[in-house]
Amino acid sequence: MTLLIELLGSIALLLWGLRMVRTGVMRSYGTNIKRFARRSEGKIIPAFLSGLIVAALLQSSTAAVLISASFAGQSLIGVGTAFITMLGADIGTSVAVLIASQKFTTLAPFLLAVGIFGFIASKENKRQNVFRAVSGLGLILFALILISSTAGGLAELREFKSLLEVFNNQPVFFLLLALVLTYLSYSSLAIVLLSVSFLATGVIGLNEGLYLVLGANLGSGMLPLISSWNSSELEKNPIIANLLVRSLCIILFYPFVSVFSNFSITYLSAELVPAIYHLTLNLFVAVIGIIFSKQFLALSLGLFSENKIEDQL
């Protein structure tokens with residue numbers, strides 16, 4: 001029970017760190033992000049890069065997707081540009097996962113010290129928010145250290161091992177578990193990093209860790225749709241298209257989890273594989289999404305409306 005409370009507290013700290021980063025970045029550079037998005041209108045590479053950069057800064061593809069959708073709803077950018085931006089956002093969080101999954105034991109306290117003391121010393125609002133974001137990054141890394149430590153304790157519990165053995169060789173359970181956890185935590189990044197920590201401490205096997213990654217990615221596509229369910233058609237159109245291409249790629253990746261794990265384990269350490277798998281999946285999603293963007297947007301539009309907005313694609 002003590003370990004479970006510690007794990008929940010560590011996850012809560014991780015989520016709070018993500019929130020601190022998003023709040024700091026948006027308050028400091030929200031206007032610049034909006035201007036950057038408008039300049040990328042109609043251009044594939046700038047739109048893709050804008051999504052990647054924003055998601056990396058916010059540490060959340062969900063936040064970047066919702067921002068892009070709101071811009072499309074306000075007709076600041078077209079739905080096609082918003083969709084490409086969302087694809088870039090997914091790559092941005094994948095890169096963030098890859099970086100955060102590394103063991104930077106001294107970086108966490110350093111960022112916390114810089115962020116907190118800088119916030120206290122600053123009088124200007126913008127600088128305070130920059131230091132707020134820096135301290136949030138420190139909290140994220142510190143939370144990952146705590147999660148890894150707690151996961152190591154779980155791996156030694158006989159009852160926990162017995163529970164996992166019940167669901168051994170049942171990948172759908174791990175996929176659905178990650179989907180539920182992503183919904184509850186409102187962060188696919190947190191769940192992917194959690195799977196990395198569990199894998200590094202032997203709580204789960206490599207295949208199970210990759211199924212958790214697939215579930216987290218499916219959740220990252222569903223979260224923006226749930227949040228914007230009552231929004232306009234222009235807002236929901238790219239969000240649903242993003243969910244469609246993501247779901248298709250997850251279905252394609254699902255049967256080959258064992259193949260990927262067996263191949264990658266010969267070249268990479270086990271705890272690095274989920275982050276690489278996450279990045280590989282999202283690169284594949286981006287390529288398919290860009291090539292067939294109009295088709296996915298048209299299919300998305302046809303699912304919930306008879307109105308055509310092809311001039312926006």
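Helix H8 gives the most to a nonpolar surface patch, with three residues. The whole patch consists of Val180, Tyr183, Leu184, Met222 and Ile226. This is a predicted model, in which local features need pLDDT of at least 70, side-chain atom pairs count only at pLDDT 80 or more, and totals for chains, interfaces and linings use all residues. Residues are numbered from 1 along each chain as its sequence is written, and side-chain values use heavy atoms, with hydrogens and water left out.

**The nonpolar patch**

- Together, Val180, Tyr183, Leu184, Met222 and Ile226 have about 500 Å² of accessible area.
- Two elements give two or more residues to the patch: helix H8 (171-185) and helix H10 (206-227).
- Patch residues have over 30% relative accessible area and no salt bridge; like charges are joined within 9 Å, and nonpolar side chains (Val, Leu, Ile, Met, Phe, Trp, Tyr) within 5 Å.
- Accessible areas come from the Shrake-Rupley method with a 1.4 Å probe, and for residues only the protein chains shown count as cover.
- Tyr183 lies in helix H8.
- Leu181 is also found in helix H8. Leu181 counts as partly exposed, at 29% relative accessibility.
- Leu181 and Leu212 are 31 residues apart in sequence, and their C-alpha atoms are 9.7 Å apart in space.

**The chain as a whole**

- The protein chain has 14 helices and zero strands. Helices (H or I, at least four residues) and strands (E, at least two) are DSSP runs, numbered from the N terminus.
- The protein chain has 313 residues, and 52% of them count as buried. Buried means under 20% relative accessible area, exposed means over 50%, and partly exposed lies in between (1.4 Å probe, protein chains only).
- The accessible surface of the protein chain comes to about 14,700 Å². Carbon and sulfur atoms account for 66% of that surface.
- Take the contacts between residues at least 6 apart in sequence: 82% of them join residues at least 24 apart. A contact means heavy atoms within 4.5 Å.

**Salt bridges**

- A search of the whole structure finds two salt bridges. A salt bridge is a side-chain nitrogen of Lys or Arg within 4 Å of a carboxyl oxygen of Asp or Glu.
- Side chains of opposite charge can pair when their charged atoms come close.
- Asp90 forms a salt bridge with Arg246, and the closest N and O atoms are 2.3 Å apart. Asp90 lies in helix H4 (residues 79-100) and Arg246 in helix H11, so the pair ties together parts that are 156 residues apart in sequence.
- Asp90 is buried, with a relative accessible area of 3%. Arg246 is buried too, at 0%.
- Glu124 and Arg127 also meet in a salt bridge, at 3.6 Å from N to O. Glu124 counts as partly exposed, at 43% relative accessibility, while Arg127 is exposed, at 53%.

**Aromatic pairs**

- Six aromatic pairs turn up in a search of the whole structure. Rings of Phe, Tyr and Trp (its six-membered ring) pair if their centres lie within 6.5 Å; planes under 30 degrees apart count as stacked, over 60 as edge-to-face and the rest as tilted.
- The ring centres of Phe253 and Phe284 are 5.3 Å apart and the planes are at 55 degrees, so this pair is tilted.
- Phe253 lies in helix H11 (residues 233-253) and Phe284 in helix H13 (residues 273-291), so the pair ties together parts that are 31 residues apart in sequence.
- Phe253 is buried, with a relative accessible area of 14%. Phe284 counts as partly exposed, at 31%.
- Phe253, Phe260, Tyr277 and Phe284 form one aromatic cluster.

- H11 has 21 residues and reaches 30 Å from its first C-alpha to its last, close to the 30 Å expected at 1.5 Å a residue. The expected span is 1.5 Å times one less than the number of residues in the helix.
- H11 is mostly covered, with 15 of its 21 residues buried.
- H13 has 19 residues and reaches 27 Å from first C-alpha to last, close to the 27 Å expected.
- The buried residues of H13 include Tyr277, His278 and Asn282.

**Val192**

- Val192 is found in helix H9 (residues 188-200). Val192 is buried, with a relative accessible area of 0%.
- Val192 touches Val97, Val213, Ala216 and His278, not counting residues up to four places away in sequence.
- Val192 and Thr182 are 10 residues apart in sequence and 9.2 Å apart in space, C-alpha to C-alpha.
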